[in-house]
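Here are a few exercises to work through with the model open beside you. Try each task before reading its solution.

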Amino acid sequence: MALPNALEWTLGLRNRASGKYLTQESFGNAVNVNGNTLRQKQIWTLVSADDGTVHLKSYLGKYLYGDRDGNVKADAEAPSATTKWTIQPQPNGTWALISAANYYFHGTGTDISAFLEAKPGVAAPSDGLWVVHLAMHPQINLYNAMRKRYLHLSGEQLVCDEDIPWGDDALLNLIFFGDHPDGRYGIQACDGRFVENTGKLVDQANSNCQFLLGFHDNQVSFMDSNGKFLSCDGGSAVAKTHKNKVGRDELFTIQDSQPQFIITDNRGKFVSVRNGFEVKADQKDVTDFERFQMEISEEGKIHLRSNKLMYWTVRGDNSIGAETEKPTPENAFTVDYSAGNRVRFISEKTGNPIYVKPCGTLTVGSGGDAATTLFTLEIINRPTLLLRGQYGFVQIKGASGRLECNRATGYSFYLENKGGFYHLRTKEGKYWNVDSDGVHVTGSNPAEFVIKFIRPTHALIEHVESGKLLEGQQNGALKATGSSVGPNTLWEY
């Protein structure tokens, strides 16, 4: 079985015998298998080496290794021949880990070692089997290798026939079923239903919705309990299990779901490329031509992409056209969020904002008045929002309705846009509100928030009334106390 090498996978390793996670403590680089849930200390990055082995890097940036005396440590500052591990996949889907010295890594609690030689005829010990729990954000897109298309919800099925993952129908949740002893995954459509191995979508996940996740370089496969793999065979391209072996039909790439928006000018007209490659604010209704993908760099620069797969660019006459195939520094923009629920797009090429002419043409320059430079952004491929901060996911704390931000699993809140302001609510209709003790979901009147998309997968959330950013604390408290960009105010969405 091939292993990931094109991507760096973040994951947790749960010991099958004890149910505890491999953990690195913040003090003294100590390593144990005591973690009850997958949180920051239990997250490891799988970094591939050229020879098919891997390195395991902790959240502290330290590398795990087993020395020749059988001691397991994680204090190496850089990958080396000593920090290499060989992954030995097991029939039940778990992994055994073999150190560079050729010993199995096993044990529970603080009693861990790598001193059982992995020689022919010697199987991995029962406490040396590890369940793989992906630590990535669960909201994704899935791309099929053979069809070169994306899975999306179409009626009552997941179908693989979308050229680009446009809109909320292509948003999927990859759900880990932690109660399965060997770890299994489910695929949840944007409407909350799970796909069965038969292709049927059901409201509640059952055993037919549980798949073993297999790794094949930078791709994955999904195997059901009958040993058959998910694919999208046939003219219908419906996702269901068919064959008992993996080919290109059965391989998928997991991709981050990039944010997509409807953009409205100050007159209420939708920005569009419906009439060609010219970008104009001249439409009264929304189709895919009025939806744009915002691709954000680590530095906060953005590129806007149309459903024709072309990027916005500043033309010679300073008008905006969606006619460039690749993102470049010259067709980059920055988003100015200083106007509250409205934004401005500033051209990196000219330093000037985009404004709307009376005919609807988008133009870069200083000729427009201030109102014509303001736009409303409405994210359209996050009908629900599942948030993760540096300490864990945002979840509701029991009957109190308080939100905590250090949980192993998150709650999917419904996201509503009202004129550029966002409201978040539970499925029961309880809205987010803010008081001095933090955020709670006990009211029917929503608090207003502004979401500022400033990183590829992370955003700031500003509470409008206080003007403060939502800030997470290690004890789980979620409060509107932040004033600047930092690890505690950035939320993965």
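**Exercise 1. Find the residues that Arg344 touches, not counting those up to four places away in sequence.**

Solution. Start by placing the residue: Arg344 sits in strand S33 (residues 342–347), where a strand is a DSSP run of E with at least two residues, numbered from the N terminus. Next, look for contacts, meaning heavy atoms within 4.5 Å. Arg344 touches Thr334, Val335, Asp336 and Ala339, and also Ala370, Thr373 and Leu374. Finally, check a residue 118 places away along the chain: the C-alpha atoms of Arg344 and Glu462 are separated by 17 Å.

A word on the ground rules: this is a predicted model, in which local features need pLDDT of at least 70 and side-chain atom pairs count only at pLDDT 80 or more, while totals for chains, interfaces and linings use all residues. Residues are numbered from 1 along each chain as its sequence is written, and side-chain values use heavy atoms, leaving out hydrogens and water.

**Exercise 2. Describe the aromatic pairs of the structure.**

Solution. Begin with the total: the structure holds 19 aromatic pairs. Rings of Phe, Tyr and Trp (its six-membered ring) pair if their centres lie within 6.5 Å; planes under 30 degrees apart count as stacked, over 60 as edge-to-face and the rest as tilted.

- Phe211 and Phe222 are edge-to-face, at 6.3 Å centre to centre with 85° between the planes. Phe211 belongs to the loop between strands S19 (201–202) and S20 (212–216), and Phe222 to strand S21 (residues 219–223). Both Phe211 and Phe222 are buried, that is, under 20% relative accessible area with a 1.4 Å probe and protein chains only.
- Trp432 and Phe449 are also an edge-to-face pair, at 5.7 Å and 90°. Trp432 is in strand S43 (residues 431–435) and Phe449 in strand S45 (residues 449–453), so this pair ties together parts 17 residues apart in sequence. Trp432 and Phe449 are buried.
- Ring pairs also join Phe292, Trp312, Phe333, Phe345 and Phe375 into a cluster.

**Exercise 3. How many helices and strands are there in the protein, and how compact is it?**

Solution. First, count: there are 0 helices (DSSP runs of H or I, at least four residues) and 49 strands. Then compare sizes: the radius of gyration, taken over C-alpha atoms, is 24 Å, close to the 23 Å of the globule rule (2.2 Å times the number of residues to the power 0.38) for 493 residues, so the protein is as compact as a globular protein of that length. Last, look inside: buried residues make up 55% of the 493.

Terms used
Buried means under 20% relative accessible area, exposed over 50%, partly exposed in between (1.4 Å probe, protein chains only).
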